[in-house]
Amino acid sequence: MEAKDNGPNQRPSNGTINGPTNPMVTPLLNDLYQFTMAYAYWKAGKHQERAVFDLYFRKNPFGGEYTVFSGLEECIRFIANFKLTDDEIDFVRQSLSPACEDAFFDYLRGLDCSDVEVYAIPEGSVVFPKIPLLRVEGPIAVVQLLETPFVNLINFASLVSTNAARHRKVAGKSKTLLEFGLRRAQGPDGGVGASKYCYIGGFDATSNVAAGKLFGIPLRGTHSHAFVSSYMSLDEITDRSLRRKDGSSTCEDFVSLVQTWLSKIQLFNGVFGETNQSELAAFTSYALAFPDNFLALVDTYDVMRSGIPNFCAVALALGDLGYKAVGIRLDSGDLAYLSYESRKFFCSIENEFGVPGFGKLIITASNDLNEETLDALNKQGHEVDAFGIGTYLVTCYAQAALGVVFKLVEINNQPRIKLSEDVSKVSIPCKKRSYRLYGKEGYPLVDIMTGENEPPPKVGERILCRHPFQESKRAYVVPQQVEELLRCYWPGYSGKERETLPPLKEIRERCINQLEQMRPDHMRKLNPTPYKVSVSAKLYDFIHFLWLNEAPVGELQ
Ligand SMILES: Nc1ncnc2c1ncn2[C@@H]1O[C@H](COP(=O)(O)OP(=O)(O)OP(=O)(O)O)[C@@H](O)[C@H]1O
Ligand SMILES: O=P(O)(O)OC[C@H]1O[C@H](OP(=O)(O)OP(=O)(O)O)[C@H](O)[C@@H]1O
Ligand SMILES: O=C(O)c1cccnc1
Ligand SMILES: [Mg+2]
């Protein structure tokens with residue numbers, strides 16, 4: 001059933017930015033160590049030193065080679081309203097050592113993010129490992145306090161929108177995808193977040209009413225088995241009248257009309273005996289309540305012997321009164337087979353009784369669906385028009401987290417590096433710029449990071465793109481288009497213009513367009529080709545110079 005379009009979440013028109021959607025997102029939604037470090041920075045007189053942090057992830061999720069970036073708007077809402085209340089400051093005071101000086105808490109009282117700058121890739125973009133999704137600059141103590149909330153706000157958001165995009169990719173563009181996960185999500189924020197970010201990733205609608213209200217996501221739904229099994233018999237239906245859709249007259253006994261149709265179907269079909277009468281009562285009653293939106297869950301008793309003929313009888317009776325039924329939902333059994341059989345049945349009714357469009361009724365399928373089952377259904381062939389997907393989608397069952405990190409890359413204009421035995425964990429130092437370079441065929445070819453002050457890559461000009469850590473991996477690229485990735489979403493005192501936060505629908509469109517623009521081999525499920533992420537020759541040399549500088553030389557005994 002379709003619900004009214006609620007329109008986008010209202011924002012104040014005076015340019016101020018609303019606080020985070022979830023009121024639990026406060027400066028205290030943080031790890032204790034951010035506050036202890038803030039105190040130590042303050043005590044050392046270091047808290048105002050200008051730091052630059054990059055927020056990025058190291059590996060694409062779900063065995064894929066792409067990620068959808070989500071969660072930016074909530075980060076900007078957070079910093080735009082960042083302020084510790086007296087109560088929160090008292091709690092921080094109690095949580096730190098009693099030896100902490102009072103003046104630190106006065107400092108916390110005056111703290112906000114007006115001196116912080118945030119540069120980010122637009123939300124809904126397709127993104128790749130190591131490329132900063134956000135670059136955050138500001139006094140080190142404040143920026144440090146942003147790490148945990150930012151990582152928290154981006155990690156699940158990007159993971160679940162990527163999961164949604166992957167489900168969309170397997171299901172195909174023409175299918176309707178409904179997010180049904182609220183009951184199975186990791187708590188209320190997991191549920192509301194999943195609804196928002198699955199919409200960005202390409203789902204069409206959600207069953208989550210709160211998400212519909214908060215974000216203007218289209219609401220959709222059917223009914224449950226409980227509704228069907230709550231009916232015992234047709235006698236329960238007391239008001240049997242239904243006005244024709246055009247209002248010209250009223251059918252006084254809709255139940256008899258349904259029964260007449262059921263007998264006709266039984267005569268014509270001949271393969272089944274009695275259908276389940278309590279199911280027929282439930283369907284009839286639902287149709288009386290929603291004659292314009294009749295959709296029935298047909299698998300409570302027996303799909304082909306009861307659910308489908310009962311549904312058809314009600315749908316045909318509605319048709320007599322000028323209403324058009326919507327379709328069915330299958331929630332168990334072999335969904336490929338049952339969708340085929342249901343479609344065959346609908347088509348035979350269309351032919352037998354001359355009801356145009358009956359063969360095209362919408363078949364929705366649900367029940368523990370995921371990328372693999374969608375793929376299996378595609379391989380077998382099926383007649384499903386819409387998929388309702390819950391648990392596997394919203395819990396990101398296939399991968400629990402996206403491993404987003406927040407690393408210091410510069411302090412007081414001095415580049416910093418974090419070394420690791422594991423090369424993939426070595427951070428890329430310096431305040432950087434990033435670009436996406438497009439090739440002749442219009443596909444993105446490579447993302448490249450350069451130092452902040454290097455000249456940008458130019459269209460038609462050959463540039464050397466180097467793997468950040470592997471010396472032998474490099475390639476020349478002559479870009480046909482160059483797109484700078486980081487934009488200013490929070491200018492601090494820089495005087496730069498602030499990007500506006502687009503409505504959710506625009507973010508979703510951006511995501512869908514970007515996914516379509518990628519070269520297909522990066523997007524395939526099995527052994528996708530990694531997208532190239534590189535650094536300029538100059539940045540490469542600098543990384544390795546700094547690496548050697550910082551790494552102690554071992555001594556063999
Ligand atoms: N044709 C198909 N090919 C592959 N997987 C399918 C197909 N049809 C259904 N599935 C999947 O098989 C699983 C069936 O699960 P299970 O056997 O637990 O459910 P069921 O017995 O059909 O229904 P329930 O127990 O919910 O009444 C689900 O994950 C479903 O998505
Ligand atoms: O299967 P999911 O992908 O999580 O999708 C949502 C499921 O939730 C509902 O039933 P529920 O699972 O609560 O009960 P059921 O399994 O008995 O149908 C619905 O019928 C779907 O099957
Ligand atoms: O509307 C539905 O059919 C629905 C909603 C949530 C979970 N399962 C099904
Ligand atoms: Mg279930």
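A bit of housekeeping: residues are numbered from 1 along each chain as its sequence is written, while chains are lettered from A and ligands numbered from 1 in the order in which they are written. The model is predicted, so local features need pLDDT of at least 70, side-chain atom pairs count only at pLDDT 80 or more, and totals for chains, interfaces and linings use all residues.

Let's start with the overall layout. The protein chain splits into domain 1 (32–165 + 398–550) and domain 2 (223–382), with bounds that come from an automatic or database domain assignment. Their C-alpha centres are 51 Å apart. Over residues 28–155 the chain is 43% helix and 17% strand, with its end C-alpha atoms 18 Å apart. Over residues 431–542 the figures are 21% helix and 31% strand, and the end C-alpha atoms are 12 Å apart. Helices (H or I, at least four residues) and strands (E, at least two) are DSSP runs, numbered from the N terminus.

Now for the inside. In soluble globular proteins, nonpolar side chains tend to be buried together. Here the largest nonpolar core has 153 residues, and Leu 55, Ile 79, Val 118, Val 160, Val 258, Val 314 and Phe 387 have the most contacts inside it. Such a core is a set of buried Ala, Val, Leu, Ile, Met, Phe, Trp, Tyr and Cys residues joined through C-beta atoms within 7 Å. Helix H5 (residues 140–171) gives this core its largest share, 17 residues, and at least three residues come from each of domain 1 and domain 2. Leaving aside neighbours within four places in sequence, Val 314 is in contact (C-beta atoms, placed from the backbone, within 7 Å) with Val 258, Phe 283, Thr 284, Ala 287 and Phe 294.

Thr 284 turns up again beside Val 255, which also contacts Leu 234, Ile 237 and Arg 240, with neighbours within four places in sequence left out. Val 255 belongs to helix H9 (residues 254–269). Val 255 counts as buried because 21 other C-beta atoms lie within 10 Å; the cut-off is 20 or more, whereas 12 or fewer means exposed and anything in between partly exposed, with C-beta atoms placed from the backbone.

What about a charged residue? Lys 130 is in the loop between strand E4 (126–127) and strand E5 (134–139), and is buried, with 21 other C-beta atoms within 10 Å. Not counting residues up to four places away in sequence, Lys 130 touches Tyr 56, Arg 58, Ile 428, Pro 468 and Val 533.

Finally, the ligands. Residues around a ligand have a C-beta atom, placed from the backbone, within 6 Å of it. Around ligand 1 they include Ser 332, Asp 334, Asn 367 and Gln 380. Helix H13 brings the largest share of that shell, four residues, and the shell divides into five nonpolar, five polar and two charged. Ala, Val, Leu, Ile, Met, Phe, Trp, Tyr, Cys and Pro count as nonpolar, Asp, Glu, Lys and Arg as charged, and the others, Gly among them, as polar. Ligand 3 has one nonpolar, six polar and one charged residue in its shell, including Phe 180 and Arg 329.

Terms used:
Contact = placed C-beta atoms within 7 Å.
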